[in-house]
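Me: Could we go through this structure together? I would like to start with the strands and then turn to the charged side chains.

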Amino acid sequence: MMISTRGRYALRLMVDLAERGQARFVTLRELAERQEISEKYLESIVKELVRAGFLEGLRGKGGGYRLARPAEQVSVLELLRVMEGSLAPVACLAEGAKPCERASRCRTLPLWQGLDAVIAEYLGGFTLLDLVKSEGDGCDYVI
């Protein structure tokens with residue numbers, strides 16, 4: 001499994017907004033400058049995040065984007081599933097996948113199911129607030 005640039009940028013954007021709280025709207029330009037990401041590329045990511053209910057947008061003076069829910073209510077797993085689609089390690093475990101004809105005799109299926117469970121448990125164990133709270137030397141950068 002490899003998280004795409006799109007997924008990583010969405011997470012960076014959401015952590016940035018979580019650091020600013022839900023009180024104020026932040027312009028796309030500010031976010032793009034702070035995160036050193038193209039404004040045009042961020043715009044497409046933001047649209048998806050608004051559609052999925054992670055962000056609220058406001059047009060006009062004083063407008064921009066902010067979290068639609070508190071940072072402690074947004075799991076990394078939920079966010080990445082929206083941006084990446086399936087995080088399943090193999091196609092047969094992806095949500096909505098057609099049942100595999102060989103599943104009943106597949107020797108590797110339990111391995112992939114276990115990995116899928118570990119990924120879900122691990123990523124589901126982190127919220128945006130957890131990422132904002134992680135402090136220490138050199139913790140001002142998000143990949």
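**Strands and charges**

Me: Which residue in E2 is the bridge partner of Gly-57?
Reply: Tyr-65 is the partner of Gly-57. This is a predicted model, in which local features need pLDDT of at least 70, side-chain atom pairs count only at pLDDT 80 or more, and totals for chains, interfaces and linings use all residues. Residues are numbered from 1 along each chain as its sequence is written, and side-chain values use heavy atoms, with hydrogens and water left out.

Me: How do E1 and E2 run, and how many bridges join them?
Reply: Strands E1 (residues 55-58) and E2 (residues 64-67) run antiparallel and are joined by four bridges. Strands are DSSP runs (E, at least two residues), and helices are such runs of H or I with at least four, numbered from the N terminus. Two strands pair if DSSP finds at least two bridges between them.

Me: What lies between E1 and E2?
Reply: Five residues lie between them in a hairpin, and Gly-60 in the turn has a positive phi of about 90°.

Me: Now the charges. How many salt bridges are there?
Reply: The structure holds nine, each being a side-chain nitrogen of Lys or Arg within 4 Å of a carboxyl oxygen of Asp or Glu.

Me: What does Arg-34 pair with?
Reply: Arg-34 forms a salt bridge with Asp-16, with the closest N and O atoms 2.9 Å apart. Arg-34 belongs to helix H2 (residues 28-35) and Asp-16 to helix H1 (residues 5-20), so the pair ties together parts 18 residues apart in sequence.

Me: Is Asp-16 buried or exposed?
Reply: Asp-16 counts as buried, at 1% relative accessibility. Buried means under 20% relative accessible area, exposed over 50%, and partly exposed in between (1.4 Å probe, protein chains only).
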